[in-house]
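Good morning, and thank you for coming. Please keep the sequence and the structure in view while I speak.

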Amino acid sequence: MIAHLLVMYPPQKDPVAFARAYKEEHLPYAGPRLMGAGATGVVSKKVAPAGDRLPYHAVSDVTFPSLQALQACAESKGGKEALAHAASISTGGAPKILILTDDLV
């Protein structure tokens, strides 16, 4: 069962500063820490507005081979550092975290 850690960034007060920090600081910092702790991939997407509503600015999907691997990463030093860094670059407040598994049907 594949597991996903979604990091959902709220609307940003400074979208330009966030984009720069995400690309130039966060990906080089968090990527090796997450991959070294069991992640198998990371996909990041900007959220398109739905009318005049934008509940999130961006979402990062960190993939793991299992829920146990995700939990081990979240408890690891590298995983904790990566999540803390995600919060530190967000100009709109701390990101929300959601864990998904591929076992609905």
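Tyr 22 is buried, with a relative accessible area of 11%. Please bear in mind that this model is predicted. The cut-off for calling a residue buried is under 20% relative accessible area, and Tyr 9, at 1%, therefore also counts as buried.

How do Tyr 9 and Tyr 22 meet? They form an aromatic pair of the edge-to-face kind, with 6.0 Å from centre to centre and 85° between the planes. Tyr 9 belongs to strand S1 and Tyr 22 to helix H1, 13 residues apart, and the pair thus links distant parts of the chain. A search of the whole structure finds three aromatic pairs. Ring pairs also bring in Phe 18, which joins Tyr 9 and Tyr 22 in a cluster. A ring of another kind of interest is that of Tyr 29: the charged end of Arg 33 sits over this ring, 3.7 Å from its centre.

Let us now turn to strand S1, residues 3–9. How many of the residues of S1 are buried? Seven of its seven residues are buried, and S1 is mostly covered. In a regular strand, the side chains alternate between the two faces of the sheet. On one side of S1 we find Ala 3, Leu 5, Val 7 and Tyr 9, and on the other His 4, Leu 6 and Met 8; all are buried, and both faces are covered.

Which strands pair with S1? Strand S3 runs antiparallel to S1 and is joined to it by seven bridges. Within S3, Val 59 is the bridge partner of Met 8. Strand S4 also pairs with S1 in the antiparallel sense, over six bridges. Here Leu 6 has Leu 98 as its bridge partner in S4, while the partner of His 4 in S4 is Leu 100.

Taken as a whole, the sheet is open and has four strands in the order S2-S3-S1-S4, with antiparallel pairing. Strand S2 (41–46) and S4 stand at the edges with a single partner strand each, so one side of each is left without a neighbour in the sheet. Neighbouring strands of this sheet are turned by 20° against each other on average, direction ignored.

Next, consider helix H2, which lies across S1, S3 and S4 and runs at about 50° to S1. Which residues of H2 are buried? In this helix, residues 67–75, they are Ala 69, Leu 70 and Cys 73. They cover an arc of only 100° around the axis, which puts them on the same side of H2. As background, an α-helix has 3.6 residues a turn, so residues three or four places apart point the same way. On the other side of H2, Gln 68 and Glu 75 are exposed. The cover over the buried residues of H2 includes strands S1, S3 (58–64) and S4 (96–101), together with helices H1 (15–36) and H3 (77–89).

Finally, I ask you to look at Pro 11, in the loop between S1 and H1. Is Pro 11 buried or partly exposed? Its relative accessibility is 38%, and Pro 11 counts as partly exposed. Leaving aside residues up to four places away in sequence, Pro 11 touches Leu 54, Pro 55, Tyr 56, His 57 and Gly 92.

How values were computed
Residues are numbered from 1 along each chain as its sequence is written. This is a predicted model: local features need pLDDT of at least 70, side-chain atom pairs count only at pLDDT 80 or more; totals for chains, interfaces and linings use all residues. Side-chain values use heavy atoms; hydrogens and water are left out. Buried means under 20% relative accessible area, exposed over 50%, partly exposed in between (1.4 Å probe, protein chains only). Helices (H or I, at least four residues) and strands (E, at least two) are DSSP runs, numbered from the N terminus. The arc is that of the directions from the helix axis to the C-beta atoms. Contact means heavy atoms within 4.5 Å. Rings of Phe, Tyr and Trp (its six-membered ring) pair if their centres lie within 6.5 Å; planes under 30 degrees apart count as stacked, over 60 as edge-to-face and the rest as tilted. A charge sits over a ring if NZ of Lys or CZ of Arg is within 6 Å of the ring centre and within 35 degrees of the ring normal. Two strands pair if DSSP finds at least two bridges between them. Axes are lines fitted to C-alpha atoms, for helices over the stretch in contact, and angles run from 0 to 180 degrees between N-to-C directions.
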